[in-house]
Amino acid sequence: MLTLALAGMLAVAVADTTIRLPGTTLKFGLPPERVATLGTFGPASAGGGRKPAAAGVEEHEGPMRFFGLDAQARLTFEDRRLTRGRFEVESVSPHSFSYVEDQLRRLGNRRECRRIDASGRVCDWIGRATVHLQLSGRQLVAEIAPTASLAKPIAAVRPAPAPTDTAGRMGVALPTVVAPAAAPDTVWLSGPDSLPAPIALEICRPVRPEAARSEGIFGRVTVQVLVDVDGRVLETQIVRGIPALDQAALACARRFRFQPYRANGKPVRFRHELSLTFLLD
């Protein structure tokens, strides 16, 4: 009976069609027949060293638009329900990529980046669905799945064994096991429905490096900062950069100091984006 109940619960979860794949007309949980009416799809090939799909899993592929960009889609169905999608855009301009990120931000997704540099970036945009974006050169790959399906269970922590009488009588000092303090919550303050903006107590005026000045390079650099509970900047990373100005922008962002931020009555860390403009001078 328990097995049947669990199977029923899983079927209901998979059939949930309320979560959309951002940037597309698709929703998770749709059957292949319904998806076929929204595009031109056929069975995916197993080429390129890919393993054949497991039992109960189908993969279909075909052209589809992703945030208005021409993409090649690979859709995965489990028990005939759409569970994830992969979209490849062969050539995307910097302007188009910025548009994709702006749209994800407007949808309320929270961004967590593993890498941002001159060669590309790897970021997760997390909402009801998680969009894993990889930009390499001009190629864009987006992998999308319901966020709940990506959650990993938290491993149980066994308490330290209590001291024994024998150890006490022998005079052996037992180590005290202290659990690490939980990191403070982190909130995102640059989303469309964000909390009030942070207050900067100390700011930095961007100054162009001599090399950029001699070459006539100027413009705006956007830097994401992670700010600690005391208002100090802990981390910086370039969101939209200009190579000749990026290092100066990061150094400037690290000099900002903010008023400590509180959410729900407790101190929190926060992520925020700074727009630093390097003027002609």
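Is the link of Cys204 and Cys252 left-handed or right-handed? Keep in mind that what you're looking at is a predicted model. The torsion about that S-S bond comes out at -125°, and the link of Cys204 and Cys252 is left-handed. The two sulfurs sit 2.1 Å from each other, inside the 2.5 Å cut-off for a disulfide. As for what gets tied together, Cys204 belongs to the loop between strand S10 (200-202) and helix H6 (210-214), while Cys252 is in helix H7 (residues 246-253), so the bond connects parts 48 residues apart in sequence. Neither end is out in the open: Cys204 has a relative accessible area of 9% and is buried, and Cys252, at 4%, counts as buried too.

Now hop over to the other bond, the one that joins Cys113 to Cys123 with an S to S distance of 2.0 Å. Its torsion about the S-S bond is about 100°, so this disulfide is right-handed. Cys113 is in strand S5 (residues 110-117) and Cys123 in strand S6 (residues 120-126), with the pair 10 residues apart. Both of these cysteines, Cys113 and Cys123, are buried. The count comes to 2 disulfides, and with bonded cysteines numbered along the chain, the pattern reads 1-2, 3-4.

Next, the backbone. Most residues other than glycine have a negative phi. Phe67 isn't a glycine, yet its phi is positive, about 50°. You'll find Phe67 in the loop between strand S2 (57-66) and strand S3 (69-78). Asp79 is exposed, because its relative accessible area of 63% is over the 50% mark.

From S4, move across to strand S8. S4 and S8 pair in the antiparallel sense over 5 bridges, and along the way Arg86 stands opposite Glu143 in S8. S8 also runs antiparallel to strand S7 (residues 129-136), joined to it by 8 bridges. One of the pairings to look for there is Ser136 with Gln139, its bridge partner in S8. S7 and S8 form a hairpin with 2 residues between the strands, and Gly137 in it takes a positive phi near 65°. How much of S8 is buried? Of the 8 residues in S8 (residues 139-146), 6 are buried, so the strand is largely enclosed by the rest of the structure.

Last stop: the largest pocket, with a volume of about 620 Å³. Its lining takes in 27 residues, and those nearest the centre are Asp117, Ala118, Arg121, Val239 and Gly241. What is the lining of the largest pocket like by class? It has 10 nonpolar, 10 polar and 7 charged residues.

How values were computed
Residues are numbered from 1 along each chain as its sequence is written. This is a predicted model: local features need pLDDT of at least 70, side-chain atom pairs count only at pLDDT 80 or more; totals for chains, interfaces and linings use all residues. Side-chain values use heavy atoms; hydrogens and water are left out. Helices (H or I, at least four residues) and strands (E, at least two) are DSSP runs, numbered from the N terminus. Buried means under 20% relative accessible area, exposed over 50%, partly exposed in between (1.4 Å probe, protein chains only). Two strands pair if DSSP finds at least two bridges between them. On a 1 Å grid over the protein atoms alone, a cavity is a set of points where a 1.4 Å probe fits but cannot get out, and a pocket is an open set with protein on both sides within 12 Å along at least five of seven lines; lining residues have an atom within 4 Å of a point. Grid points are joined across faces, edges and corners, and a volume is the space filled by probe spheres set on the points. Ala, Val, Leu, Ile, Met, Phe, Trp, Tyr, Cys and Pro count as nonpolar, Asp, Glu, Lys and Arg as charged, and the others, Gly among them, as polar.
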